[in-house]
Amino acid sequence: MSDEPIDLQDALASFSEIWSPRIVTRVNDYDIRVAKVAGEHVWHVHDDTDEFFLVLDGALNIGLRDGTGGERTVTLPKGSVFVVPKGVEHKPSAPDGASMLVFEPSGTLSVGDRHEEVPDYVDVTTGHPLTRS
Ligand code: NI
């Protein structure tokens, strides 16, 4: 973990993979992760943790299922935050691309504890270390 300030735009510029979060720092036992996203992620659920989103660039959609067959989508423009409560099935997407910061317990899997089939372009990860040149 760095003991110097971390520029999030520099962090985002250090990698190009989509749906492949980088851990920029930690707070107690939580990760601060940044990710570039484009197109659709997968429907998934985190059984034991809420998930915090902050949109840094572009716009992020998050589909939400209420567990009784209902579905809605929230749209987060740049600068918006949103929390998906634990146990709520959700699917991030960004038709025009976006970058985001997520805050969640270290070890949280990007595709949750349960998920639909994962396409090749979606990384299944607990976050990669940020490597800076
Ligand atoms: Ni999630």
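The structure is a predicted model, in which local features need pLDDT of at least 70 and side-chain atom pairs count only at pLDDT 80 or more, while totals for chains, interfaces and linings use all residues. Residues are numbered from 1 along each chain as its sequence is written, and side-chain values use heavy atoms, with hydrogens and water left out.

**The nickel site**

- The nickel ion is coordinated at 2.0 to 2.2 Å by His44 (NE2), His46 (NE2), Glu51 (OE) and His90 (NE2), where donors are N, O and S atoms within 2.8 Å of the metal (3.2 Å for Na, K and Ca), and sites may look incomplete because water is not among the atoms.
- The angles among the four donor atoms run from 85 to 169 degrees, and the site is irregular; four donors count as tetrahedral if all angles lie between 85 and 135 degrees, four count as square planar and six as octahedral if opposite donors are over 155 degrees apart and all others between 65 and 115, and anything else is irregular.
- Along the sequence, the donor residues follow the spacing H-x1-H-x4-E-x38-H.
- Histidine 44 lies in strand β3 (residues 44–45) and histidine 90 in strand β8 (residues 90–105), so this pair ties together parts that are 46 residues apart in sequence.
- Histidine 44 counts as buried at 1% relative accessibility, and histidine 90 counts as buried at 1% as well, given that buried means under 20% relative accessible area, exposed over 50%, and partly exposed in between (1.4 Å probe, protein chains only).

- Strand β5 (residues 60–65) pairs with strand β6 (residues 71–76) in the antiparallel sense over six bridges, pairing being assigned if DSSP finds at least two bridges between two strands.
- Isoleucine 62 has valine 74 in β6 as its bridge partner, and glycine 67, in this hairpin with five residues between the strands, takes a positive phi near 90 degrees.

**Arginine 22**

- Arginine 22, which is found in strand β1 (residues 22–27), is buried, with a relative accessible area of 11%.
- Leaving aside neighbours within four places in sequence, arginine 22 is in contact (heavy atoms within 4.5 Å) with residues including Phe15, Ile32, Val34 and His128.

**Two residues with positive phi**

- Tryptophan 19, in the loop between α1 (8–13) and β1, has a positive phi near 50 degrees although a residue other than glycine, and counts as buried at 3% relative accessibility.
- Asparagine 28 also has a positive phi, of about 50 degrees, and is not a glycine, but asparagine 28 counts as exposed at 75% relative accessibility.

Technical notes:
Helices (H or I, at least four residues) and strands (E, at least two) are DSSP runs, numbered from the N terminus.
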